[in-house]
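Biologist: I would like to learn how to read a model of this kind, feature by feature. Could we begin with the overall layout and then turn to single residues?

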Amino acid sequence: MEYVRWFLNTLLVLTSCFLVLLILMHKGRGGGMSDMFGGGMSSSLGGSSVAEKNLSRITIAIALIWAAVVVGLGVLTRFS
């Protein structure tokens with residue numbers, strides 16, 4: 001059971017870091033935190049709407065994995 005907890009903790013750290021990176025990669029809408037990190041600069045590198053949609057889908061998928069890992073760790077903690 002300890003191996004499962006270790007695996008879930010590792011997965012939680014990896015998905016958390018990846019989720020932060022994915023969120024920071026999103027195109028800034030202006031006036032928010034993205035401007036502080038340089039997201040307010042307009043350039044053609046921000047790309048197409050297809051790339052933004054795919055980035056949103058990947059972000060949602062990683063967020064769902066992250067939430068499932070958090071729930072799994074909570075269940076393990078509760079019943080251990």
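Biologist: In what order do the elements of the protein run from the N terminus on?

Modeller: This is a predicted model, in which local features need pLDDT of at least 70 and side-chain atom pairs count only at pLDDT 80 or more, while totals for chains, interfaces and linings use all residues. Residues are numbered from 1 along each chain as its sequence is written, and side-chain values use heavy atoms, with hydrogens and water left out. Helices (H or I, at least four residues) and strands (E, at least two) are DSSP runs, numbered from the N terminus; here the order is α-α-α, with three helices and zero strands.

Biologist: What share of the 80 residues is buried?

Modeller: Buried means under 20% relative accessible area, exposed over 50%, and partly exposed in between (1.4 Å probe, protein chains only); in this protein, buried residues make up 14% of the 80.

Biologist: Why does Glu52 count as buried, and which side chain does the side chain of Glu52 contact?

Modeller: Glu52, which lies in helix H3, counts as buried because its relative accessibility is 15%. A polar contact is a pair of N or O atoms within 3.5 Å, where, within protein, one must be able to donate a hydrogen and the other to accept it, and residues adjacent in sequence count only if both atoms are side-chain atoms; the side chain of Glu52 makes one with the side chain of His26, at 2.9 Å.

Biologist: Is Ile58 buried or partly exposed?

Modeller: Ile58, placed in helix H3 (residues 49-79), is partly exposed, because its relative accessible area is 41%.
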